[in-house]
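Here are my notes on this one, jotted down while going through the model. Have a look at the structure first, then read on.

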Amino acid sequence: MKLTYLPEWQLINQSKQTFAIQEDQTSISLVSPMNEYAMGILCQVFFTTENAEVIDVSVENNSQSVVAEVNKTKKQIVIQDI
């Protein structure tokens, strides 16, 4: 899946888990429902951009079942089960 705001980046989902992907101009979040009213953030990927180019990427993994890994050279984000 190509990203909307950063089309040169690709998201590769290798997980068998069910989650939603939320995207904005500077981040991607993988979220899963906790109950009827709340969503839990499984992983977040943050992009630092300068002059419309990504200069840094950081990942925050909050789940014990799924993880996001970044390959900056290939401009890929890989989602995998733990």
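Where is S63 found? S63 sits in the loop between β5 and β6; strands here are DSSP E runs of at least two residues, numbered from the N terminus.

A quick word on ground rules: this is a predicted model, with local features needing pLDDT of at least 70, side-chain atom pairs counted only at pLDDT 80 or more, and totals for chains, interfaces and linings using all residues. Residues are numbered from 1 along each chain as its sequence is written, and side-chain values use heavy atoms, with hydrogens and water left out.

1. A polar atom of the S63 side chain lies 2.9 Å from the backbone nitrogen of S65. Not counting residues up to four places away in sequence, S63 touches L42 and I82 (contact means heavy atoms within 4.5 Å).

2. S29 belongs to strand β3, residues 27–33, and is buried too, at 8%. Leaving aside neighbours within four places in sequence, the contacts of S29 include C43 and Q44.

3. The salt-bridge count is one (a side-chain nitrogen of Lys or Arg within 4 Å of a carboxyl oxygen of Asp or Glu). K72 pairs with D56, the closest N and O atoms being 3.2 Å apart. K72 is in the loop between β6 and β7, D56 in strand β5, 16 residues apart. K72 is partly exposed at 47%, and D56 is partly exposed at 34%.

Technical notes:
Helices (H or I, at least four residues) and strands (E, at least two) are DSSP runs, numbered from the N terminus. Buried means under 20% relative accessible area, exposed over 50%, partly exposed in between (1.4 Å probe, protein chains only). A polar contact is a pair of N or O atoms within 3.5 Å; within protein, one must be able to donate a hydrogen and the other to accept it, and residues adjacent in sequence count only if both atoms are side-chain atoms.
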